[in-house]
Amino acid sequence: MNEMGVTTNSAFLCLFTSASAFGSPIVQMAQQTVNTAIDSLSAALKSNIIPNQEYFLQGSILDSSVEVLLHRLRGLCDNVDTTLETFHDHEMCFSIRGPNNAQPALQLRVRRSLDHNGMPMQLRYIGQPEIGDKSRPTVLRNSIDIGTSNTVVEFLTELGCRKDFEYLAKGYMFRKGRMKITVFKVFKIDETRKMSGGAFESLTALTHSYLVELSVLAPSGQDAIADDMRCFAEQLRPLVQLEKIDYKRLVHGP
Amino acid sequence: MGVTILLSYPVPENKTGPQTAELLIKRIGALGAVQSGQFLVDCETFSSGPTMGGPPRTVHVLHNSEQPAAVFALLESPGPPPKTVPLVADGLFDLLMLKMSSIYASKKQTRMEARGTRFEIADFLVKIGTVTMSSNFKGVLVEVEYRPCFIAGNCWELMREFMQSFLGSVVQNTPPPYFQVHNRLNDVYQPLDTIQQYLDHFASYRKVAGL
């Protein structure tokens, strides 16, 4: 199962019904009009049904303790009827510079599943995270998730994007209601050992720990979900402390 | 999706565009077609700014009401070598292009639209539409889809006969230029092929001076 799982976009997708559904039935069919895609998108944006905000918390756990965490998550989460859902994804991060070099570059991520080759690739735009103050339980950031065909890497390269880095993520995915919990290990890609067809022969783990992420994708203004996330995160203490990580403090950039 | 052929129907000198479309609608109606809604194919063009370096790159973003949840993007890169990279994505791709508006600017005046009625007749789907660019009429496009088949080479003769029955000699005896490239007659037909045909026609309409 791909890490992105099943996102609840159904409310948004129902706007895209077939052409003949638009227009009043009383009006003659010759006068029915089809809305343009841009009009539908604007209507969706106005009625605030596009899930373009991500609420998330992060933490980490050592390899030696991850089994206990997985056991606890199996007890708490919904999607563990038979076996644990695993994922093995390859993520590439691209950036494109704006006209004014002082502006931060726009970052785009492309993620593909190595276990399921036929699935669409995921193109993701992630905005700057808002840490907020103590009253805000989670980090909030703008996130646009787009499923694409497998030509997206070539498309971005020709568009002018530069590949900054890439990595492999291998781990487990859990769901509880709208929340998605992922427990995964990050692997460095050894370019010299890349096999044909996109497979990777040997993997070098970056750390001796697993990264744990708790996230929800929702339209803007649904801050109550952040409180539910904090309550859930409390249930995983003291195994893993899920909290807001401020990247600006970690990065010692120019 | 079945094999789809897109044809530009030349407007006779003594008629206007909408009159030509009406005439075609009458002819297809006489064959027994049933009207089933409207259709819309639109194309917006984005160009890279001068700061990108090198010759400008163009992204054409198209939507087809037949595939309402998809957005088609075709990137024309001058190269070398010059190539066109296609992308099929979710509806939210438009939001991403809006985010990139500082890098790729939209030329609103070159936005093209093909709008008209859909007809169903037996296994065929016929769409007769008028093409406009910023409310200026550009031409009449007829789209014919043969739903049961998705290999163009297998049904070209059948489609040619059907199209000639209501479009007359406008239909050539050889497959359209789009299908004569590579091995397209024997490839599985995809919705992206319809979009590429629309883009080719839109490009030729753009070159023609305003009508």
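1. How much area do chain A and chain B bury between them, and what share of it is on carbon and sulfur atoms? The two chains bury about 3500 Å² between them, 71% of it on carbon and sulfur atoms. Buried area here is the accessible area (1.4 Å probe) that two parts lose on being put together, summed over both. In chain A, 42 residues are in contact with 40 residues of chain B; contact means heavy atoms within 4.5 Å. A:Phe155, A:Glu158 and A:Leu159 stand out: they supply 19% of the area that chain A buries against chain B, more than any other three residues.

2. A word on the basis. This is a predicted model, in which local features need pLDDT of at least 70 and side-chain atom pairs count only at pLDDT 80 or more, while totals for chains, interfaces and linings use all residues. Residues are numbered from 1 along each chain as its sequence is written, chains are lettered from A and ligands numbered from 1 in the order in which they are written, and side-chain values use heavy atoms, with hydrogens and water left out.

3. The largest nonpolar core draws on both chains. It has 36 residues, of which A:Leu108, A:Leu123, A:Phe155, A:Leu156, B:Val59, B:Phe93 and B:Tyr104 touch the most other members. Such a core is a set of buried Ala, Val, Leu, Ile, Met, Phe, Trp, Tyr and Cys residues joined through side-chain atoms within 4.5 Å. Buried means under 20% relative accessible area, exposed over 50%, and partly exposed in between (1.4 Å probe, protein chains only). Leaving aside residues up to four places away in sequence, A:Phe155 touches B:Val59, B:Ala73, B:Leu75, B:Val85, B:Leu87 and B:Phe93. A second, separate core holds 30 residues, including B:Ala21, B:Phe119, B:Val140 and B:Met163.

4. Which salt bridge involves B:Lys83? Its side chain meets that of A:Glu158 (3.3 Å, N to O). Across the interface of chain A and chain B there are 2 salt bridges, and the count over all chains is 21. The rule asks for a side-chain nitrogen of Lys or Arg within 4 Å of a carboxyl oxygen of Asp or Glu.

5. Within chain A, look at A:Arg124. It bridges A:Glu54, with the closest N and O atoms 3.0 Å apart. A:Arg124 lies in strand 4 (residues 121-126) and A:Glu54 in strand 1, so the pair ties together parts that are 70 residues apart in sequence. Both residues are buried. A:Arg124 also bridges A:Asp145, at 3.1 Å between the closest N and O atoms. That partner sits in strand 5 (residues 139-148), 21 residues from A:Arg124. A:Asp145 is buried too, with a relative accessible area of 15%. A:Glu54, A:Arg124, A:Arg141 and A:Asp145 are linked in a network of salt bridges.

6. Chain A has 6 helices and 9 strands. These are DSSP runs, numbered from the N terminus: helices are H or I, at least four residues, and strands are E, at least two. Of the 254 residues in chain A, 45% are buried. Among its contacts between residues at least 6 apart in sequence, 69% join residues at least 24 apart.

7. Helix 5 of chain A (residues 224-235) has A:Ile225, A:Ala226, A:Met229, A:Phe232 and A:Ala233 buried. Seen down the helix axis, its buried residues fall within an arc of 120°, so they line one face. The arc is that of the directions from the helix axis to the C-beta atoms. These residues pack against strand 1, helix 3, strand 6, strand 7 and strand 9 of chain A.

8. Cysteines next. The structure holds 0 disulfides over all chains, a disulfide being a pair of cysteine sulfur atoms within 2.5 Å. For B:Cys149, the nearest cysteine sulfur is that of B:Cys155, 3.8 Å away. B:Cys149 is buried, at 14% relative accessible area.

9. Check the backbone here. A cis peptide bond joins A:Arg237 and A:Pro238, with omega about -5°. A:Pro238 is in the loop between helix 5 and helix 6 of chain A. In chain B, B:Ser134 has a positive phi of about 50° although it is not a glycine. B:Ser134 lies in the loop between strand 8 and strand 9 and is partly exposed at 38% relative accessibility. B:Ser135, in the loop between strand 8 and strand 9, has a positive phi near 70°. B:Ser135 counts as exposed, at 71% relative accessibility.
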